[in-house]
Amino acid sequence: MADRVHPMDLPSSSNPPSSNNSGEVVSPKKPSFPSPAKPVQPPAGTYVVQVPKDQIYKYPPPENSRRYESLTKRKPRRSCCCRCLCFTFSALLVLIISIGITAGVLYLVYRPEAPKYTISSIAIKNFNFTASSKISPEFDISVRAENPNNKLGIYYRKGSSVTVVYSGVDLSAGALPAFYQPANNVTVFKTASKGSNVILGNAVKSTLRNEHMKGKVPFRVNIKAPVKIKIGAVKTWEITVKVNCDVTVDALTVKSKLVSKDCDYSVRLW
């Protein structure tokens, strides 16, 4: 005979309320869960924070209003100085470029060439190197000036100088005449260069005597002339022309002849 199986009472999933001895109902205790040891970090990513429109300030908040006013009232001194410097440099740059362009155009149109100079003849007077006293020699010098330019004239102005030098001693001094030389012109002009109370040392006299006997006495003629260039109807500023000529004569007389001559010249624009 089979045994009868009696059903067993299963524990309820929820604890029903119980009562104590006094008859009060006691609610069951809630199960407690262990707290995590570390806080849970949010996952990495991009987050968008939305701010309500009424919290967006078009003006600084009250606590920063004084600072805002102090910053806005400052004068932009540095910006004004920078603007002035930039304007000055820009104006100078434009001026330099304009001058360069103008000079380039003038050069292409007129093709300027430097004038050429040489010594044509020298007549010597009162040069007695055998005298023991002071001497006062005179030199009549003929200078040949050539203007090879087709469209440029030359004004020779006052204030020029002509000096004759021997062995470092200035023998005489004179000046060029003031005149105008047109384009494509060759002019030969004479200038008188005179000396006064010139003292020659014994060594200089001895050297001069030997060179005179050989028929080759060297001199140095220095010419300095202020000129102005005529370009069309316009005159330039004053330009200085320097000519240095090494000449050799056969005698110290009025009829002396040039044995050799070599001239170099330079132009100083200012």
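Guide: Let's begin with the largest nonpolar core, which has 40 residues. A nonpolar core is a set of buried Ala, Val, Leu, Ile, Met, Phe, Trp, Tyr and Cys residues joined through side-chain atoms within 4.5 Å; buried means under 20% relative accessible area, exposed over 50%, and partly exposed in between, with a 1.4 Å probe and protein chains only. This is a predicted model, where local features need pLDDT of at least 70 and side-chain atom pairs count only at pLDDT 80 or more, while totals for chains, interfaces and linings use all residues. Residues are numbered from 1 along each chain as its sequence is written, and side-chain values use heavy atoms, leaving out hydrogens and water.

Among the residues with the most contacts inside this core are Phe127, Phe219 and Val221. Elements that each supply at least two core residues include strand S3 (116-125), strand S6 (161-166), helix H3 (202-214), strand S10 (217-231) and strand S12 (239-249). These are DSSP runs numbered from the N terminus: helices are H or I with at least four residues, strands E with at least two. S10 gives the most, seven residues. Take Val221: leaving aside neighbours within four places in sequence, its contacts (heavy atoms within 4.5 Å) include Ile119, Ile141, Val164 and Val247.

Now turn to H3. Its buried residues are Val204, Lys205, Leu208 and Glu211. Seen down the helix axis, they fall within an arc of 130°, so they line one face of H3; the arc is that of the directions from the helix axis to the C-beta atoms. The background is simple: an α-helix has 3.6 residues a turn, so residues three or four places apart point the same way. The cover over the buried residues of H3 includes S6 and S10. On the face turned away sit the exposed residues Asn202, Ala203, Met213 and Lys214. After H3 comes Gly215, with a positive phi near 80°.

Finally, look at Thr236, in the loop between strand S11 (234-235) and S12. Is Thr236 buried or exposed? Thr236 is buried, with a relative accessible area of 16%. Leaving aside neighbours within four places in sequence, Thr236 is in contact with Lys228, Ile229 and Ile231.
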